[in-house]
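Hello,

Here is the structure we talked about. Please open it next to this note and follow along.

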Amino acid sequence: MTAALTTTLERMARERPDAVAMRCPGPRGDYAIALTYGELDARSRAIASGLARRGIVAGSRTVVMVRPTPEFFLLMFALFRSGAVPVLVDPGISKKALRQCLDEAQPQAFIGIPLALLARKLLGWARSARVAVTTGSRALLADATLAEVERDGAASPQAFAENDPEAMAAILFTSGSTGIPKGVVYRGRHFGAQIELLRSAFGMEAGGVDLPTFPPFALFDPALGLTSIIPDMDPTRPARANPRKLHAAMQRFGVTQLFGSPALMRVLAEHGEPLPGIRIATSAGAPVPPDVVARLLELLPADAKFWTPYGATECLPVAVIEGRELLTLRARTEAGSGTCVGRPVPPNEVRIIAISDGEIAHWSDAREVQQGIVGEITVAGPSATDSYYGREAQTRLAKIRERLADGSERIVHRMGDLGYFDREGRLWFCGRKSQRVVVDELTTLCTEQIEPVFNSHPDVARTALVGVGEVGHQQPILCVELKQGVAVDQWPRIAGELRHLADGGVHTAKVDGFLHYPQAFPVDIRHNAKIGREKLAVWAAARLPKGQGV
């Protein structure tokens, strides 16, 4: 992306310098802040030069802890331009996990808001960083302010060499929904491939106006010829976004494209106001519930597309399905088939291998399974990354080397997800490999083949399958979150009805107990959509008498 982004930005700055590249909410949420292509190009050049004067140059790993304000985007484009390596970590993860992530990245520089600089001082974050820059008005706990960096760079501009597509371009940490986040190493070629895959998969055309509710996705917009409208919301809490503010921005600026997590899409679906200007809507991060898909399609124009891409930080997009096709498969999902995530995006090669928790060094050691058999999803393609920074053991577990017929090698990424292909060549997602429940040698239960069956109950908001006990001898327990307004004293009736539902399926009949979870399920910080089943398993184990069902 680094070359693709900066090249496109430079071209747009020459051809349409006064065209708005992005708008951001002001202090009063009035979108008074706008950056034209000319400003974004010139100011990011100046910041890149100013950072280089302070030793932040090509290859410098640089932590960026800045809110989605103009400063964030100016900084990211500046780092991409100079070849420095931005390090991005979700700010909402635990302090312990955040410190571990930053220690692993071993950054040479730290750029953040004043609060981040204070936290760094108090909590010992990123001690390896020799340069610190603050977005504040004074250089407290920092070597310089961003304003000083920009002024210095404007006065002494530097020229930068074209970035090597094989060089490290960024370290992007995973959401950590199933453990400590891992730093995914992105090379320039990975970003460039992502742009082309997104363009071809979703039919994105230059000239559109995008509302990216996950701010890092806004970095793709200049390369796709789109104007970004940064929403007035907390990006770490999409489930709490104010739908009225989102609609106001869409209407005011003629938004044509929308990206949001399933949690944000539910906010819009429940708000119920039509989305007349949207032509392309995409939702990723977790499976989108069928009722949300159905409601969004009712609110969108008849010719609009609602895409639900499948992928991960390590490889995106892998496969894609449009909402209308997804709804035709709803009955199969609610009968225990899993969630269809569509067909692989060319030129990705997606294959299913036998489930294994160990390393697979070479593809010749992997065993592909037949169509219709559940196994681990793997993908080889131009956007598949090849390592985690500072996590050699995790890299070995997730990456397989494959020798091709011409003698070259490529990396095959293990998604850590379970799934299968149907007869039509569609990929079905059955759940995370680490969250499968292994009852005995013959019985393995997958979350996405169990939960949708029970989620169809009218009083149930969502469910979570967890395993209690030793792997291989686990007791499958279903944690249940009831819909708002359903009285707790209705639980005995609901539990009985869920047991009746369970008896009707081969997989669900194995569920051994049902527990009412008295509040909203724990979810990931990034998308507010991935259920924290590991935490629920601990909770369930504490509630169950040893060896006893519910």
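**What packs against helix H4**

The buried residues of H4 pack against strand E3 (61–65), strand E4 (85–88) and strand E8 (168–173). Contact here means heavy atoms within 4.5 Å. Helices (H or I, at least four residues) and strands (E, at least two) are DSSP runs, numbered from the N terminus.

Before you go on: this is a predicted model, where local features need pLDDT of at least 70 and side-chain atom pairs count only at pLDDT 80 or more, while totals for chains, interfaces and linings use all residues. Residues are numbered from 1 along each chain as its sequence is written, and side-chain values use heavy atoms, with hydrogens and water left out.

H4 covers residues 95–105, and its buried residues are Ala97, Leu98, Cys101, Leu102, Glu104 and Ala105. They line one face of the helix, because they fall within an arc of 160° seen down the axis of H4. That arc is taken from the directions from the helix axis to the C-beta atoms. An α-helix has 3.6 residues a turn, so residues three or four places apart point the same way. On the other side of H4, Lys95 and Lys96 are exposed. Buried means under 20% relative accessible area, exposed over 50%, and partly exposed in between (1.4 Å probe, protein chains only). Just after H4, Gln106 has a positive phi of about 45°.

**Cores**

A nonpolar core is a set of buried Ala, Val, Leu, Ile, Met, Phe, Trp, Tyr and Cys residues joined through side-chain atoms within 4.5 Å. The largest has 82 residues, and Leu51 and Phe110 touch the most other members. Helix H3 (residues 70–82) gives the largest share of this core, nine residues. Another core, of 37 residues, lies apart from it; Leu264 and Leu326 are among them.

**Rings**

Rings of Phe, Tyr and Trp (its six-membered ring) pair if their centres lie within 6.5 Å; planes under 30 degrees apart count as stacked, over 60 as edge-to-face and the rest as tilted. The count comes to 13 aromatic pairs. Phe72 and Phe73 form an edge-to-face pair, 5.1 Å centre to centre with 80° between the planes. Both Phe72 and Phe73 are buried. Phe202 and Trp307 have ring centres 6.0 Å apart and planes at 50°, so this pair is tilted. Phe202 lies in helix H7 (residues 188–202) and Trp307 in strand E14 (residues 305–307), so the pair ties together parts 105 residues apart in sequence.

Best wishes
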